[in-house]
Amino acid sequence: MTLKIEVEQSSQISVLLELVRVFLMQIGLNERIFVETLTLCSELINNIHSHTPKGSLSIKYSDDKIITIVASDSGSGIKNIDKALKEGYSTAGSLGIGFPSIIRLSNELFVVTSIRGTKITCIKYEK
Amino acid sequence: MYQVRKMIDFNVVIEPFVDSATCGDFCIFTEKEDYFYLAIGDVGGHGSVNTGNVARLCTDVIMQNLDKPLDELLLQIHSLEDVRKRGLVLMLARVYKKTPIFEHVCVGNMKLKLVRHSVISDMSIQEGIVGYQIPTHINTNLMKLNKKDRLIMATDGLSLYNDKLKDRIESDQTSKALSEMLMTDFNRKHDDALVGVLTWNVSDSHFVAIKNTYQGVQ
């Protein structure tokens with residue numbers, strides 16, 4: 001099962017999150033994993049919306065009960081990684097809880113960032 | 001608050017083709033307040049004093065710029081006149097202490113392997129030669145470290161192939177034992193050779209405990 005959504009400046013975040021919520025409900029995850037995955041997707045969508053002109057989010061649920069979430073954007077990359085890893089740091093005037101939360105909520109996390117954009121791959125185990 | 005040195009088990013083995021003065025392979029592993037810093041390089045050529053001198057120059061420049069963003073430092077080294085004469089394969093990395101993240105940039109022919117749950121995968125590198133030709137944009141890579149993750153980093157003086165590696169890695173090996181075994185078994189013997197092994201020893205719950213301590217919960 002796969003869901004892919006485009007995130008743009010004009011996007012209504014609440015509408016996108018509803019799409020994600022319905023998709024995750026269809027998978028039938030247990031409550032804890034459902035809430036964590038929805039939170040993870042919310043952080044990723046907010047990051048794209050706040051920091052970049054355009055991006056996308058895809059969620060894939062595979063037979064081996066692994067949820068793979070990929071967020072890609074065409075922004076200018078993560079400028080100061082040292083600061084981005086710290087709680088409370090934000091360049092978008094938000095609460096700045098995004099990136100540390102993404103790290104904590106992911107079982108596996110891979111990020112590639114450059115001046116051409118950022119790709120974040122989060123993996124969650126259902127088990 | 002927590003014992004940093006138990007977080008990481010790192011060891012590097014370097015075998016110069018001739019001697020250490022002419023060796024182009026180099027490694028830096030040092031500790032700062034918030035992170036460990038790791039750099040591995042392979043200067044073009046071997047058995048020449050000039051090659052060794054460029055390796056020492058790179059080491060000095062890196063040590064003087066540990067706080068600089070990794071991609072910026074790679075570009076700075078790329079522009080060094082002496083590096084432009086010989087070429088360089090370079091990986092710069094940080095391992096953060098308060099969050100389980102390995103950050104790296106890497107350009108050139110280096111083997112970077114992640115061993116996780118007995119599966120070996122190749123980590124991201126970019127093609128090119130520092131000093132000669134590098135990509136138009138340098139990728140900075142971040143990876144969350146999981147307990148018992150092993151990172152194996154080697155220059156082209158070793159021929160590491162995943163299928164051959166798989167049978168040689170045991171879960172309870174120390175980084176020292178594994179790096180020494182890899183050097184013995186995979187050294188091609190006609191170049192400088194370097195292999196480093198980093199083992200990550202802490203789990204996610206360790207960082208939750210740290211966060212709670214900072215917030216005064218515990």
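**Exercise 1. Determine how many residues of chain B and of chain A take part in the contact, and what area they bury.**

Solution. Contact is taken as heavy atoms within 4.5 Å. By this rule, chain B contributes 21 residues and chain A contributes 20 residues. Next comes the buried area, the accessible area (1.4 Å probe) that two parts lose on being put together, summed over both. For chain B and chain A this is about 1700 Å², 59% of it on carbon and sulfur atoms.

The model is predicted: local features need pLDDT of at least 70, side-chain atom pairs count only at pLDDT 80 or more, and totals for chains, interfaces and linings use all residues. Residues are numbered from 1 along each chain as its sequence is written, chains are lettered from A in the order in which they are written, and side-chain values use heavy atoms, without hydrogens and water.

**Exercise 2. Identify the residues that form the salt bridge between chain A and chain B.**

Solution. The criterion is a side-chain nitrogen of Lys or Arg within 4 Å of a carboxyl oxygen of Asp or Glu. The count between the two chains is one. The partners are E108(A) and R116(B), whose closest N and O atoms lie 2.9 Å apart.

**Exercise 3. State how strand β4 of chain A is joined to β8(B).**

Solution. Strands are DSSP runs of E, at least two residues long, numbered from the N terminus; two of them pair if DSSP finds at least two bridges between them. Strand β4 (residues 108-114) of chain A and β8(B) run antiparallel and are joined by four bridges. Within this pairing, T113(A) stands opposite T140(B).
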